[in-house]
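Open the model in a viewer and keep the selection tool at hand.

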Amino acid sequence: MSEVYDKLLRCYRSVRKKISFEPQVALILGSGLGDYAEQQVQVEAVLDYHDIEGFPVSTVLGHKGRFVFGYIQDIPVVIMQGRVHYYEGYAMSDVVLPTRLMGMLGAKVLFLTNAAGGIQDGMQAGDFMLITGHISSFVPSPLIGPNIEKIGVRFPDMSEVYKKDLQEIIRSTAKNCGIPLKEGVYVQTSGPNYETPEEIRMYKLLGADAVGMSTACEAMAANHMGMRVCGISCISNLAAGIAEHPLTHAEIQETADRVAPLFQQLITESVVNIAKTINDIC
């Protein structure tokens, strides 16, 4: 048994000693969405990351660092209030451990959210972007090392990480709610520094529409183990060289807080609509 899988099993057993809840949808909350669980979810149980044996703990301001188990309407969900990042010093296998754990707990769909810098022409702070694909070449793959055969194959296909049917559900949900929704490719960088203007120009040439420090690695790990993945970025700021002022975390938090009500509506309605078809698509 690999060390990575052994650690994952220890975390799973630690959770199951305390929580019997079985989710259908897993949701990772990005910066500015930390209050979503309290406002939109019928909470059944809460489990702090510190109370899970061997679990990596988020150190980022605004990330509460706990799992919330409950219902969005009648859909059983598990929500991460705060993710861990590669830039915090964790091994990439630890960064994606929470994703794998939620899959082991029963979640069939992973719904990713994040705060991202806008690269696409015409973007403004406060826009939402449906993630149609990603570029992960600037961080290590979470699948490096001995393959965990009980989770997935050694060489998994990544031609459709963000499932097109889930994209269409989110697209139509946004339209029905009257919420403008851009679409594009997300590029993950290591952080914690923001990108230089020169790097942003490079990412744009490569086809990236938004940039951030998470998400792609989680999507890869989920896809590897057979979970169905979708995601939305909140464009919290324009990327370096596009924005007219230096980037700050405070600006990102302010934008995320400002658009949180619309973001919460979009997530809630999308989860509900995805759940209506979950038996057909999973």
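The model is predicted.

Select Met-213 first. This residue sits in the loop that runs from strand S8 (210-212) to helix H7 (216-224). Buried means under 20% relative accessible area, so Met-213, at 15%, counts as buried. Show its surroundings: beyond residues up to four places away in sequence, Met-213 touches His-85, Tyr-87, Tyr-186 and Gln-188, among others. Val-139 is 74 residues from Met-213 in sequence, with a C-alpha to C-alpha distance of 9.2 Å.

Next, go to the largest nonpolar core, which has 54 residues; Val-15, Phe-55 and Phe-67 are among those that touch the most other members. Helix H1 (residues 3-16) gives the largest share of this core, five residues. Another core, of 33 residues, lies apart from the largest one and includes Val-41 and Ile-274.

Now turn to the rings. The whole structure has eight aromatic pairs. One of them, Phe-128 with Phe-263, is stacked, at 4.8 Å centre to centre and 25° between the planes. Phe-128 belongs to strand S6 (residues 128-135) and Phe-263 to helix H8 (residues 249-276), so this pair ties together parts 135 residues apart in sequence. Phe-128 is buried at 3% relative accessibility, and Phe-263 is buried with a relative accessible area of 3%.

Finish by selecting Phe-21, Tyr-49, Phe-55, Phe-67, Phe-69 and Tyr-71, which ring pairs link into a cluster.

Conventions
Residues numbered from 1 in each chain as written. Predicted model: local features only at pLDDT ≥ 70, side-chain atom pairs only at ≥ 80, totals over all residues. Heavy atoms only, no water. Helix = DSSP H or I, 4+ residues; strand = E, 2+ residues; numbered from the N terminus. Buried < 20%, exposed > 50% of the residue type's maximum accessible area, 1.4 Å probe, protein only. Contact = heavy atoms within 4.5 Å. Core = buried A, V, L, I, M, F, W, Y, C linked by side-chain atoms within 4.5 Å. Phe/Tyr/Trp six-rings, centres within 6.5 Å; stacked < 30°, edge-to-face > 60°.
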